[in-house]
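Student: I am new to this structure and would be grateful for a close look at a single part of it. Please begin with one residue and then set it in its surroundings.

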Amino acid sequence: EYEIKAAGSTYGNYFRVTTFGESHGGGVGCVIDGCPPRIPLSEADLQVDLDRRRPGQSRITTPRKETDTAHIYSGVAEGFTTGSPIMIKVPNTDQRGKDYSEMSMAYRPSHADATYDFKYGTRSVEGGGRSSARETIGRVAAGAVAKKILEAYSGTEVLAYISQAHKVVLPEDLVDHETLTLDQVESNIARCPDPEYAEKMIAAIDAVRVKGDSVGGVVTCIVRNLPRGLGSPVFDKLEAELAKAALSLPATKGFEFGSGFAGTFLTGSEHNDEFYMDEHGRVRTRTNRSGRHFQWRDHKHENSFQTNIDNQGSKHTVTRDKKETELIARGRHDPCVIPRAVPMVEASVALVLIDQLLAQYAQCQLFPINPEFQEPLPLPNHQHTGIPL
């Protein structure tokens, strides 16, 4: 168990997800262990988010053409989970390993080429292997299962959108987090819920795309209807687990929870989230500075695909035999990865929440609760979930 964890490809204690595969290998996917039984699940349930993540979906993403069709190989029988490990695999069908021949001799700046060599003494050259964003297919597939369970159990929603692309910043007051819908996010290729700012973001990405360059941005994620009590003190705080999940995504260079770094400009009295009693007799907070939404920041600008030529500007780097050189990197890349990162962020958050929900149920709901302070976890509506009685 500890050897598997040490390898860095597994997340979770109760809802355990291991991802596998390389960018230009036979395929990628995941194994989910600990999924509750009798949950209705089909390949179509996974495909919705995989389609949102897949390459080639618009001009502002990588032109690699993959259908990213998911296949469930185990853990589901007659349309329901069995409680045994669920294996999901997505085949690679559009590999161009020869595009990466230069990278076998020299390191791409700001990529994981050098670090894999430094750690393992070898690496998968084609597409970056496990360091490629293609690894996130396994997370997104597992996240789709987690989101389905969360929504069925407690009506919990995990929804992300683009709030910044390069220097185009969406003002916070233009998005109502209480009423935001998936349709609003998916209404444009930038995945920004405000149409005016979406066009500005697309224009900013287009401006660098045609030059063969790239930009970063910010994904904001919100969670609604989350059961109380999730997370644990000290090392396993909920925001710490969310930060780990988000920062483990490729290209991530920053994470904010609630007010984030902006909170450093406030005094303690200004930053406090004051408590009050709502109309249902529940303790609530008037503000959200301590966090119900959080932001994921991409600052690793992968060099992009320029028009129809797999060619980019030269960069100063070093070869594997430690000689300085210039590298013309080839391959297909995202001019701005953040539109495709939206379902990746949602999936990462959902995997944290489902693991914490199972932990909360196991530790704090096994025996009668203290109703003066604790709330019972809700019982799912079987008619709504489709779970057979």
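Tutor: Arginine 16 is buried, because its relative accessible area is 18% and buried means under 20% (exposed is over 50%, partly exposed in between; 1.4 Å probe, protein chains only). This is a predicted model, in which local features need pLDDT of at least 70 and side-chain atom pairs count only at pLDDT 80 or more, while totals for chains, interfaces and linings use all residues. Residues are numbered from 1 along each chain as its sequence is written, and side-chain values use heavy atoms, with hydrogens and water left out.

Arginine 16 belongs to strand β2, residues 16–21; strands (E, at least two residues) and helices (H or I, at least four) are DSSP runs numbered from the N terminus. A polar atom of the arginine 16 side chain lies 3.2 Å from the backbone oxygen of glycine 12. A polar contact is a pair of N or O atoms within 3.5 Å; within protein, one must be able to donate a hydrogen and the other to accept it, and residues adjacent in sequence count only if both atoms are side-chain atoms.

Strand β2 is part of an open sheet of five strands, ordered β1-β2-β3-β7-β4 with antiparallel pairing. The edges are β1 (10–11) and β4 (71–74); each has a single partner strand, so one side of each lacks a neighbour in the sheet. Strands pair if DSSP finds at least two bridges between them, and two bridges join the antiparallel strands β1 and β2. Across from valine 17 in β2 stands tyrosine 11. In general, strands of a sheet pair through backbone hydrogen bonds, either parallel or antiparallel.

We turn next to the nonpolar core, a set of buried Ala, Val, Leu, Ile, Met, Phe, Trp, Tyr and Cys residues joined through side-chain atoms within 4.5 Å. The largest such core has 75 residues, and Phe15, Ile32, Leu46 and Ile88 have the most contacts inside it. Helix α9 (residues 338–364) gives this core its largest share, 13 residues. Beyond its neighbours within four places in sequence, isoleucine 88 is in contact (heavy atoms within 4.5 Å) with residues including Phe20, Ile32, Leu46 and Ile72.

Proline 55 lies in the loop between α2 (43–53) and β4, and counts as buried because its relative accessibility is 2%. Proline 55 and aspartate 68 are 13 residues apart in sequence, and their C-alpha atoms are 8.6 Å apart in space.
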